[in-house]
Amino acid sequence: MHKSLLNRINTPKELRHLALEQLPRLAKELREFIINIVATKEGHLGASLGVVELTIALHYVFNTPEDLLVWDVGHQAYGHKILTGRKDIFHTNRQLGGLSGFPKQDESVYDAFGVGHASTSISAALGMAIASQLKGENKHHIAVIGDASIASGMAFEGLNHAGVTDANLLVILNDNAIGIDPSVGALKQYLTNVKKGTQKQDNIFEALNFDYSGPIDGHDINTIISELNRLKTIKGPKFLHVITTKGKGLKQAELDQVKYHAPGKFDASTGNLIPKSEKTQAPKYQDVFGHTIVELAKQNKNIVGITPAMPTGSSLKYMMEAIPDRAFDVGIAEQHAVTLSAGMAAQGLVPFCNIYSTFLQRAYDQIIHDVALQKLPVIFCLDRSGLVGEDGATHHGVFDLSYLRCIPNIIIFAPRNEIELRNIMYTAQLGLDLPIAIRYPRGSGVIIDWEKPFSKIELGKGVQLKDGNHLAVLTIGSIAKNVSEAIDSLGVGHYDMRFVKPLDEELLHSIFKKYQNIITVEDNSINGGFGSAILEFAARNNYQNKIKLLGIPDSFIEHASVSELQESINLDSERLNRYFRKILDQITS
């Protein structure tokens with residue numbers, strides 16, 4: 001019985017003491033370690049299993065952390081974390097107070113750059129390489145990027161610049177033909193042809209002045225190490241094309257790479273997923289979107305669906321299956337997705353552009369310049385708004401109300417529940433004069449029987465959910481559920497404003513005249529968000545009411561379950577109840 005190699009390794013320095021012939025065994029142990037932890041603690045599985053050999057080889061050949069290693073996105077960095085001093089606490093990954101699910105500078109000196117969104121690695125590593133030149137340092141700089149991420153505009157921008165420098169930069173393409181969903185586009189086809197040996201055109205990376213090598217087998221650790229050692233001796237920008245299998249080492253993860261990207265709990269020995277509860281549950285908001293757009297698109301031939309690389313996560317996959325010629329996955333290209341939608345809208349189509357809230361941040365100029373300025377009625381469906389849980393600070397969609405609200409010519413709506421989402425989608429496709437942003441959360445809603453006949457929503461109108469005395473609580477979106485639970489036994493008024501822009505000023509006037517004390521609650525940043533809009537209304541109209549704002553504080557919120565995060569910032573129903581009681585006591589005493 002061999003003693004564990006992995007148990008002896010706490011840093012790459014110890015890894016480099018191993019003999020070359022020991023590394024395949026270490027790779028096997030590292031895979032098993034990742035599988036065993038993720039099986040019970042959950043997380044991103046397939047990407048990290050696919051780069052085990054590459055991860056070992058990089059730390060074996062390069063003198064990390066002095067040589068700087070940047071992992072694109074970070075889904076693939078679990079092995080990196082385990083080999084760089086975090087093995088003993090890896091079981092805390094993505095949990096409250098534990099390791100981040102992504103590389104993070106303040107977590108480890110080995111995490112050269114914080115990541116979470118795609119396609120940033122080449123630009124960051126090139127910036128580091130230029131900095132090393134200017135400081136007279138002799139370092140290596142490595143960016144590991146997937147084939148889905150390299151198709152993004154930002155990755156091309158980085159390649160384009162790097163090709164006219166003499167920076168000591170190595171770009172490693174981890175080519176497994178899949179991001180979260182299968183990769184798409186002409187570059188994906190090009191890489192497929194390269195692998196098959198049928199590509200007739202000039203090498204695109206050599207044309208960009210990179211020293212290209214590959215493709216090589218990303219699971220042959222001896223070949224990888226040999227090639228990395230060779231590339232260390234070559235000056236200037238270099239490009240290594242590595243072929244890997246996402247989910248390598250776990251049969252089910254190799255066969256169903258989409259499902260095993262982040263599979264939830266599973267049996268580590270068999271790979272089988274742990275069955276979910278059979279209890280009937282409310283649908284996920286993303287599925288309400290996915291099924292509703294198919295229903296609407298069958299009635300309205302002008303409806304099209306667009307998503308940047310998230311057909312499964314957004315549930316646009318249902319439209320891609322039912323009406324494939326009108327549903328488009330454009331790859332990791334949020335800017336393109338928005339302006340593509342604008343072009344479609346300019347020609348009379350009805351585009352539903354479905355982008356996670358945190359990813360729409362990457363297309364801010366396109367929203368302003370290409371959509372809002374021209375009053376093009378693009379329907380933005382912002383999935384994963386609010387707190388999203390274990391993915392943490394890079395993925396929380398808590399800025400959208402703030403960054404959208406300051407843009408002219410845009411309607412902003414947040415549904416309280418699934419029926420509201422369904423009805424605003426119906427209303428929007430009937431025809432609008434302006435673009436609309438519909439923001440809704442990750443996960444399940446609250447209504448099981450949600451497939452009701454469509455009903456048109458009057459634009460800019462809020463609703464009273466509960467009458468009260470002394471104190472009114474104004475909410476936007478699904479956080480209304482927590483507030484409703486919190487005030488169930490209290491004589492507090494509750495109003496779902498529904499629209500952040502335009503505000504229902506008629507309703508607000510009646511609220512401000514009836515209640516001297518008003519509290520706003522949102523799962524968006526307090527700075528510039530829904531509460532700020534209410535304060536601005538009060539200032540414009542010279543109201544002197546006492547107004548308090550509750551929401552996401554002015555700090556980045558880390559990772560944990562949504563319920564734990566809501567508790568930590570006092571947005572759960574129990575803490576809201578205590579707060580409202582305290583305010584009522586102050587008012588009535």
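Gln464 has Tyr495 in E14 as its bridge partner. The structure is a predicted model, in which local features need pLDDT of at least 70, side-chain atom pairs count only at pLDDT 80 or more, and totals for chains, interfaces and linings use all residues. Residues are numbered from 1 along each chain as its sequence is written, and side-chain values use heavy atoms, with hydrogens and water left out.

E12 and strand E14 (residues 493-496) pair in the antiparallel sense over three bridges. Strands are DSSP runs of E with at least two residues, helices are runs of H or I with at least four, and both are numbered from the N terminus. Two strands count as paired if DSSP finds at least two bridges between them. An open sheet is formed by five strands in the order E12-E14-E13-E16-E17, with mixed pairing. Its edge strands, each pairing on one side only, are strand E12 (463-466) and strand E17 (546-552). From one strand to the next, the twist averages 25°. Helix H22 (residues 530-540) lies across strand E13 (471-475), strand E16 (517-525) and E17, and runs at about 140° to E16. Axes are lines fitted to C-alpha atoms, for helices over the stretch in contact, and angles run from 0 to 180 degrees between N-to-C directions.

The largest nonpolar core has 50 residues, and those with the most contacts inside it are Ile56, Leu58, Ile172 and Leu228. Such a core is a set of buried Ala, Val, Leu, Ile, Met, Phe, Trp, Tyr and Cys residues joined through side-chain atoms within 4.5 Å. Buried means under 20% relative accessible area (1.4 Å probe, protein chains only). Among the elements that give two or more residues to this core are helix H2 (23-41), helix H4 (52-61) and strand E3 (169-175). H2 gives the most, with nine residues. A second, separate core of 49 residues includes Tyr356, Phe359, Leu360 and Ile534.

Helix H6 (residues 121-135) and helix H7 (residues 153-162) pack at an angle of about 30°, with their axes 8 Å apart. H6 is therefore roughly parallel to H7, a term for angles under 35 degrees. By class, their contact has seven nonpolar, three polar and no charged residues.

Ile9 lies in the segment before helix H1 (12-15). Ile9 is buried, with a relative accessible area of 1%. Beyond its neighbours within four places in sequence, Ile9 is in contact (heavy atoms within 4.5 Å) with Glu14, Leu15, Leu18, Leu26, Leu83 and Lys87.

Methods. Parallel < 35°, antiparallel > 145°, perpendicular 65-115°, else oblique. Nonpolar A, V, L, I, M, F, W, Y, C, P; charged D, E, K, R; others polar.
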